[in-house]
Protein chains: 2
Amino acid sequence: MVRASGATPAGSVWIGDDAAAVPAEAGTLLLATDAAVAGVHADLDLVGVDDLGWKALTATVSDLGAMGGRPRYALVTVCLPPGTDVDRLSAGVAAASARWGCPVVGGDVTSSDQLMVSVAALGVVDGPPVTRAGARPGDTLAVTGPLGASAAGLRLLRELRGCAAPGTVTPAAPVLMEAHRRPLARLAEGALARTAGATAMIDVSDGLALDLHRLADASGVGFRLERVPIAGGATAEDALGGGEDYELVVATPDPAGLAAVFAGAGLRPPLVIGVCTASAGERTLCGRPLGRLGWAHEVR
Amino acid sequence: MVRASGATPAGSVWIGDDAAAVPAEAGTLLLATDAAVAGVHADLDLVGVDDLGWKALTATVSDLGAMGGRPRYALVTVCLPPGTDVDRLSAGVAAASARWGCPVVGGDVTSSDQLMVSVAALGVVDGPPVTRAGARPGDTLAVTGPLGASAAGLRLLRELRGCAAPGTVTPAAPVLMEAHRRPLARLAEGALARTAGATAMIDVSDGLALDLHRLADASGVGFRLERVPIAGGATAEDALGGGEDYELVVATPDPAGLAAVFAGAGLRPPLVIGVCTASAGERTLCGRPLGRLGWAHEVR
């Protein structure tokens with residue numbers, strides 16, 4: 001099931017041995033893992049097993065991007081119930097692997113009652129990574145794109161369930177459903193934000209509000225949000241509490257510098273949402289307290 | 001749930017950020033992953049969730065040992081049904097992490113219907129790893145210990161099921177049951193075998209016969225086995241087809257040198273079982289064909 005994407009370089013060992021062997025990497029090594037479980041992270045009545053595979057790999061490399069790193073290699077573990085369309089699952093993993101330049105070099109396949117895909121990835125960063133913990137009072141908070149598309153796409157998929165009259169589908173619908181099925185990792189943005197002096201970053205996997213609280217908790221700061229960019233067709237609730245957008249939240253003392261490096265690379269401009277404050281208890285949106293809305297997969 | 005074992009070194013990031021960050025490593029990097037699923041890899045009526053956690057981490061570092069490497073860091077993903085004893089599971093993972101010197105630096109926790117623990121580990125090896133593919137005709141085949149203890153221990157656990165009259169338990173029984181509950185990884189043996197010139201290695205995870213065929217397939221050789229060391233209290237079938245012993249099979253042109261380095265390190269002597277042959281179709285034990293007995297978790 002687990003296939004290496006591309007030819008194995010000389011001196012490396014990919015699929016088929018006890019472990020994969022790859023050359024040493026300069027810089028700091030990053031290790032991340034994410035699991036996608038059918039029925040928890042994906043409703044397979046609404047999305048395909050290929051989408052589940054895509055999401056598992058993309059969520060993992062997104063974690064590397066949120067440290068300012070780039071992915072190098074992935075391991076993919078799949079627990080498969082009988083009848084799973086393994087080829088389709090593999091195709092989704094392979095598509096994400098190719099998209100993010102992160103070859104699958106090993107893995108494990110086992111049987112189970114519930115479909116689960118767990119991806120672990122090794123990444124690298126040329127220098128100190130950008131953690132969640134470095135934001136300082138006065139730093140500007142920005143996001144790499146509007147939020148809520150994935151949650152809105154999921155709602156649309158649920159509403160339509162294969163029986164949509166075409167006239168009920170808004171022009172934004174295909175974009176939103178695609179955002180849910182095939183989220184994108186902001187790897188270029190994360191790497192550039194690091195070189196532009198970002199002090200803290202996190203990817204929006206469980207909703208902007210919850211992930212922003214996590215960043216603020218780790219950094220010991222508060223925040224005052226003045227605006228939240230909402231994806232076309234999404235609601236404010238989608239943008240604040242919907243998960244799996246994978247846009248990055250970036251704290252920086254130099255938002256103009258951040259905008260300049262993004263522009264220089266042809267990336268969408270970062271969208272300023274607010275500022276970090278010295279009072280760690282201050283967590284507001286337009287002057288009102290912002291709770292820990294969001295989507296927690298964690299059991300504890 | 002996932003706890004780092006030990007204090008985080010300065011400059012590293014362990015649990016709690018998007019990814020773990022660790023210093024670069026010299027030498028070849030090794031990446032391995034293994035999953036343990038309740039009901040597939042462990043019967044939780046017979047063993048504890050701590051044992052499942054131990055096994056998942058130990059099986060993964062065993063894969064690194066089978067390349068001649070040593071473990072450095074682990075990521076642990078757990079998919080938890082409601083009511084799982086998370087503290088006990090964590091304790092098993094932590095015990096294995098401490099035993100094998102492989103701190104858990106990150107992970108993911110999610111809910112599921114079926115308990116699953118997936119461990120990915122980064123290891124290193126100072127030079128070329130020992131793959132499955134390097135055995136040559138004439139190389140001696142040895143194992144690092146007698147086989148079948150885990151399978152025999154599982155059978156005992158099934159027979160006893162908490163209702164054993166003490167008199168029915170043989171003296172070997174506790175050892176065998178422990179071998180099933182808490183298998184050991186032969187890390188020192190793997191690293192020393194590499195420096196002593198081993199040409200190929202594999203760990204016995206799915207049964208000696210099956211894993212030996214895998215080594216022979218990868219190396220393009222045949223084998224003639226003259227003997228199979230059977231753990232006390234185990235049967236020949238346990239030794240040939242039982243999984244999860246995690247002893248290493250070592251191919252070497254210099255068995256005396258292998259024995260000498262093991263003796264020098266105070267390790268149990270390697271046990272010679274046979275020889276590699278030039279005819280890839282020759283796969284015999286005491287002159288009779290040896291089939292691919294063993295325990296395959298793979299769905300395909």
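This is a predicted model: local features need pLDDT of at least 70, side-chain atom pairs count only at pLDDT 80 or more; totals for chains, interfaces and linings use all residues.
The interface can be taken from its overall extent down to single residues. On each side, 59 residues take part: 59 of chain B are in contact with 59 of chain A. Together the two chains bury an area of about 4,500 Å², and carbon and sulfur atoms give 60% of that area.

Polar interactions also cross the interface. Between chain B and chain A there are 20 residue pairs in polar contact, counting pairs in which both residues have pLDDT 80 or more. The side of chain B that touches chain A draws at least two residues from each of several elements. The helices among them are α1 (49–65) and α2 (86–99). The strands are β1 (20–22), β2 (28–37), β3 (70–80), β4 (104–111), β5 (116–125) and β7 (200–203). Of these elements of chain B, β2(B) gives the largest share, with 9 residues. Sorted by class, the side of chain B that touches chain A consists of 33 nonpolar, 14 polar and 12 charged residues.

Charged pairs can be listed separately. The interface of chain B and chain A holds 4 salt bridges. One of the salt bridges found across this interface links Arg132(A) to Asp17(B), with 3.7 Å between the closest N and O atoms. This distance falls within the 4 Å limit for a salt bridge.

Strand pairing also joins the chains. Strand β1 of chain A, residues 20–22, is connected to β2(B) by 3 bridges, and the two strands run antiparallel. Within this pairing, Ala20(A) has Leu31(B) of β2(B) as its bridge partner.

Terms used
Residues are numbered from 1 along each chain as its sequence is written. Chains are lettered from A and ligands numbered from 1 in the order in which they are written. Side-chain values use heavy atoms; hydrogens and water are left out. Contact means heavy atoms within 4.5 Å. Buried area is the accessible area (1.4 Å probe) that two parts lose on being put together, summed over both. A salt bridge is a side-chain nitrogen of Lys or Arg within 4 Å of a carboxyl oxygen of Asp or Glu. A polar contact is a pair of N or O atoms within 3.5 Å; within protein, one must be able to donate a hydrogen and the other to accept it, and residues adjacent in sequence count only if both atoms are side-chain atoms. Helices (H or I, at least four residues) and strands (E, at least two) are DSSP runs, numbered from the N terminus. Ala, Val, Leu, Ile, Met, Phe, Trp, Tyr, Cys and Pro count as nonpolar, Asp, Glu, Lys and Arg as charged, and the others, Gly among them, as polar. Two strands pair if DSSP finds at least two bridges between them.
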